[in-house]
Amino acid sequence: MNGHHPTDALPLGLLELDPTGIVTRYDPTPRASLRRESVVGRDFFTEVMPAEQLYGFRARFLAFMDGGRLQERFALSVPRDGGALRVQVVLAAHGEQGVGRRERLALVRITPEQPRAAA
């Protein structure tokens, strides 16, 4: 895939990524055209949504997976088809304290934004 996707070919909904960036779960929105099985098991950064605008996301994702913070939240807005695509990200460490290392995962919500009216 190249860096440009038509909006209907994007995984609209909630995705869960493992520490390497592989999609482990996908809950599509009712408007999403992609099926779960077409997204799960694929690398988010190279196969699902390889866009130059997400470079900062990948860097933050990798830093979080190596770091000690318990949670980080941020959002990105990616231009798409006359509007924008909102990418909301929650990076979280979970697991029981005292049982060793916490497991880390990323939750990514992708939703379309409406085009902004000219002022």
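Here is a tour of the salt bridges, stop by stop.

**Before you click.** This is a predicted model, where local features need pLDDT of at least 70 and side-chain atom pairs count only at pLDDT 80 or more, while totals for chains, interfaces and linings use all residues. Residues are numbered from 1 along each chain as its sequence is written, and side-chain values use heavy atoms, leaving out hydrogens and water.

**Stop 1: Arg25 and Asp27.** Select this pair to see a salt bridge, with N and O at 3.5 Å. The term here means a side-chain nitrogen of Lys or Arg within 4 Å of a carboxyl oxygen of Asp or Glu. That rule gives a count of four salt bridges. Both partners are partly exposed: Arg25 has a relative accessible area of 44%, and Asp27 has 30%. (Buried is under 20% relative accessible area, exposed is over 50%, and partly exposed lies in between, using a 1.4 Å probe and protein chains only.)

**Stop 2: Arg60 and Glu72.** Next, select Arg60 and look for Glu72: their closest N and O atoms sit 2.8 Å apart in a salt bridge. This pair ties together distant parts of the chain, 12 residues apart, with Arg60 in helix H2 (residues 55-66) and Glu72 in strand S3 (residues 71-80). Helices (H or I, at least four residues) and strands (E, at least two) are DSSP runs numbered from the N terminus. Is Glu72 buried or exposed? Glu72 is buried, at 11% relative accessible area, whereas Arg60 is partly exposed at 36%.

**Stop 3: who else is around Arg60?** Stay on Arg60 and show its surroundings. Leaving aside residues up to four places away in sequence, Arg60 touches Glu72, Arg73, Phe74 and Leu91; contact means heavy atoms within 4.5 Å.

Stop 4: Which residue besides Arg60 is linked with Glu72 in a network of salt bridges? Select Arg69: its side chain meets that of Glu72 in a salt bridge, 3.9 Å from N to O. Arg69 counts as exposed, at 51% relative accessibility. Now show Arg60, Arg69 and Glu72 together, and you have the network of salt bridges on screen.
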